[in-house]
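Look over the model below.

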Amino acid sequence: MSPTLTDANQAVTDPADGLAALESRRSTAETYGIPLAVLAEVTHRCPLQCPYCSNPVELDRAGSELTTDEWKKVLSELAEIGVLQIHFSGGEPTARKDLVELIQHASDVGLYSNLITSAVLLTRERLAALGDAGLCHVQISFQGNEPVVADRVAGFKGHAKKLEVAKWTRELELPLTVNAVMHRQNLHQLSDIIQMAVDLDADRLEVANVQYYGWALKNRAALMPTLEQIEETSRIVEDAQARLKGVLAIDYVVPDYYALRPKKCMGGWGRQFFNISPAGKILPCHAAESITGLEFESVRSNHSIAWIWQNSEAFNRYRGTGWMPEPCKSCEFREVDFGGCRCQAFALTGDAGNTDPACTLSPHHDRIFKVASEEAAGDHNRFIYRNFAGGTPEPSDDGA
């Protein structure tokens, strides 16, 4: 077991006093300042069944969700310890009947709020109410640029509604980001998706290639793009970034499977980011609950959020570089990428302490990515749709 920061500094006398814990360590090398932005996954409920969903395969049921008062307490505590932005996500956050109340409370305590939504449950009146409550930004996910592909990927006929809500967003003078999750089934639409974002008067477009954890890993054979598709995607994005400079900001995420080095996942485990699950667990990233053997503290515990961030064993397990095996331990990039993604290492090798297989120096790289490239070249196109039952296979054309 790795030592906690309390062990290292012996500065905390009251484990419930998170602010005291933070202040006592501000001058030490081991301090990890509270992130400026936090993701609040307020529910896992969602009418969409996206096969690449970043939620864990074992979804939190509605009965386990934090109550309105519990979320308000969390928002107040986040503001008190210095968090500036709160991103309301899910599942589908608008499935919560109290979302306007939560947005209002976030505004009251001084948090910048962003709604990450599929948009399909929104009415214009409710969107206006969210704006009146202080909502600062809207991010709408799109699965394609037209209904045939988009609705099939989502497992739900919602593309037309998304376009409508995007127009309402701009009519209400709310900033808009279009989030387009890209994969083998929709990369051929990328140029049209970029134009769609321009036509919708979006401020930003996220061209986010699928990252293969959770539901996306279950669907890797149907989602994995070919190398040729990624090369064409990069060319299209680079051209659009130059052509649309000042009109549309475009963020681009290359899938790990086609990178030479791993990403500094979420800024490094427990270094720059945390999210809160519907049931109140504080996690270093979306997929962290998939790692067996780690126990994540809850906001329902006796500890403050700040204390959990600084002291919990799960956050400290893979912080920094002390946990690293070779080749990470002696790698010149160990404080650049911090070993890559722990969740990917666990998902693909069975041990979260291994070198991320996305790194070409990993002893697992060639074997694992050979399998992935073979899947990319295959013709498997049927999805396993996300749901609370653990997934449902997409029917074949003949109804089987």
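Buried means under 20% relative accessible area, exposed means over 50%, and partly exposed is in between, with a 1.4 Å probe and protein chains only. By that scale Ala119 is buried, with a relative accessible area of 0%. The model is predicted: local features need pLDDT of at least 70, side-chain atom pairs count only at pLDDT 80 or more, and totals for chains, interfaces and linings use all residues. Residues are numbered from 1 along each chain as its sequence is written, and side-chain values use heavy atoms, with hydrogens and water left out.

**Backbone geometry**

- Most residues other than glycine have a negative phi, and most peptide bonds are trans.
- Ala119 has a positive phi, near 75°.
- Its place is the loop between β3 (112–117) and α5 (124–132). Helices (H or I, at least four residues) and strands (E, at least two) are DSSP runs, numbered from the N terminus.
- Phe338 also has a positive phi, near 50°. This residue lies in the loop between α13 and α14.
- Phe338 counts as buried because its relative accessibility is 10%, under the 20% limit.
- Gly90 and Gly91 are joined by a cis peptide bond, with omega about 10°. Gly91 sits in the loop between β2 and α4.
- A cis bond also runs from Glu326 to Pro327, with omega near 5°. Pro327 belongs to the loop between α13 (313–317) and α14.

**Two loop residues**

- Thr94 is in the loop between β2 (85–89) and α4 (99–108). With 5% relative accessibility, Thr94 counts as buried.
- The Thr94 side chain makes a polar contact with the side chain of Glu92, at 2.5 Å. A polar contact is a pair of N or O atoms within 3.5 Å; within protein, one must be able to donate a hydrogen and the other to accept it, and residues adjacent in sequence count only if both atoms are side-chain atoms.
- Beyond its neighbours within four places in sequence, Thr94 is in contact with Leu99, Leu115, Thr117, Leu121, Leu122 and Arg126. Contact means heavy atoms within 4.5 Å.
- Asn145 is in the loop between β4 (137–142) and α6 (147–154). Its relative accessibility is 23%, so Asn145 counts as partly exposed.
- Leaving out residues up to four places away in sequence, Asn145 touches His159, Gln189, Asp192, Ile193 and Met196.
- Asn145 and His159 are 14 residues apart in sequence, and their C-alpha atoms are 8.1 Å apart.

**The sheet**

- An open sheet of 9 strands runs in the order β7-β6-β5-β4-β3-β2-β1-β8-β9, with mixed pairing.
- At the edges stand β7 (249–253) and β9 (282–283); each has a single partner strand, so one side of each has no neighbour in the sheet. Two strands pair if DSSP finds at least two bridges between them.
- Strands β1 (residues 37–41) and β8 (residues 275–276) pair in the parallel sense over 2 bridges. Leu39 has Asn275 in β8 as its bridge partner.

**Cavities**

- On a 1 Å grid over the protein atoms alone, a cavity is a set of points where a 1.4 Å probe fits but cannot get out, and a pocket is an open set with protein on both sides within 12 Å along at least five of seven lines; lining residues have an atom within 4 Å of a point.
- Grid points are joined across faces, edges and corners, and a volume is the space filled by probe spheres set on the points.
- The structure has 2 cavities of 30 Å³ or more.
- The largest cavity has a volume of about 90 Å³. Its lining has 14 residues, with Arg261, Cys328, Cys331, Asp337 and Cys359 nearest the centre.
- That lining divides into 8 nonpolar, 3 polar and 3 charged residues. Ala, Val, Leu, Ile, Met, Phe, Trp, Tyr, Cys and Pro count as nonpolar, Asp, Glu, Lys and Arg as charged, and the others, Gly among them, as polar.
- The second largest cavity has a volume of about 60 Å³. Residues lining the second largest cavity include Cys265, Trp269, Cys285, Cys341 and Cys343.

**Second largest pocket**

- The second largest pocket holds about 250 Å³ of space. Of its 15 lining residues, Pro56, Val57, Gly214, Glu289 and Ser290 are the closest to the centre.
- α14 gives the most to this lining, with 3 residues.
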